[in-house]
Amino acid sequence: MLKLRLKRCGRKQRAVYRIVAIDVRSRREGRDLRNVGFYDPIKNQSYLNVPAILYFLEKGAQPTGTVRDLLKKAEVFK
């Protein structure tokens, strides 16, 4: 099963997150299938590759709670 979830990057006290499609059994920093966006909580910026996200959602990927909130904020579910 696939999930769309956050993968932590950046330095200490300055986290930036990649939004990735990854297997459920992989750890947070594990090998991802595809990078589909990023989120910077400090600057409150995000970039989403909407066609790739929709592709994985059609294939049955489940977004985590935080990723779901980011997708709703970007109006991807319309």
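Two strands are said to pair if DSSP finds at least two bridges between them. The model examined here is predicted.

**Exercise 1. Strand pairing**

Determine how many bridges join β3 to strand β4, and which residue of β4 is the bridge partner of D40.

Solution. 
- Step 1: The bridge partner of D40 in β4 is Q45.
- Step 2: β3 and β4 form a hairpin, with 4 residues between them. In the turn, N44 has a positive phi of about 55 degrees.

**Exercise 2. The surroundings of K7**

State where K7 lies, whether K7 is buried or exposed, and which residue forms a salt bridge with K7.

Solution. 
- Step 1: K7 belongs to strand β1, which spans residues 2-11.
- Step 2: The relative accessible area of K7 is 11%. Buried means under 20%, so K7 is buried.
- Step 3: Leaving aside residues up to four places away in sequence, K7 touches V16, Y17, R18, V20, R28, E29, G30 and D32.
- Step 4: D32 forms a salt bridge with K7, and the closest N and O atoms are 2.8 Å apart. This pair links distant parts of the chain: K7 in strand β1 and D32 in the loop between β2 and β3, 25 residues apart.
- Step 5: D32 has a relative accessibility of 22% and therefore counts as partly exposed.

**Exercise 3. A second salt bridge**

Find how many salt bridges the structure holds, and which residue pairs with R25.

Solution. 
- Step 1: The structure holds 2 salt bridges.
- Step 2: R25 forms a salt bridge with D23, with 3.1 Å between the closest N and O atoms.
- Step 3: The relative accessible area of R25 is 74%. Exposed means over 50%, so R25 is exposed.

**Exercise 4. An aromatic pair**

Classify the geometry of the aromatic pair formed by Y55 and F56.

Solution. 
- Step 1: The structure holds 2 aromatic pairs, one of them formed by Y55 and F56.
- Step 2: The ring centres of Y55 and F56 are 5.3 Å apart, with 75 degrees between the planes.
- Step 3: Planes over 60 degrees apart count as edge-to-face, so this pair is edge-to-face.
- Step 4: Y55 is partly exposed at 43% relative accessibility, whereas F56 is buried at 9%.

Terms used:
Residues are numbered from 1 along each chain as its sequence is written. This is a predicted model: local features need pLDDT of at least 70, side-chain atom pairs count only at pLDDT 80 or more; totals for chains, interfaces and linings use all residues. Side-chain values use heavy atoms; hydrogens and water are left out. Helices (H or I, at least four residues) and strands (E, at least two) are DSSP runs, numbered from the N terminus. Buried means under 20% relative accessible area, exposed over 50%, partly exposed in between (1.4 Å probe, protein chains only). Contact means heavy atoms within 4.5 Å. Rings of Phe, Tyr and Trp (its six-membered ring) pair if their centres lie within 6.5 Å; planes under 30 degrees apart count as stacked, over 60 as edge-to-face and the rest as tilted. A salt bridge is a side-chain nitrogen of Lys or Arg within 4 Å of a carboxyl oxygen of Asp or Glu.
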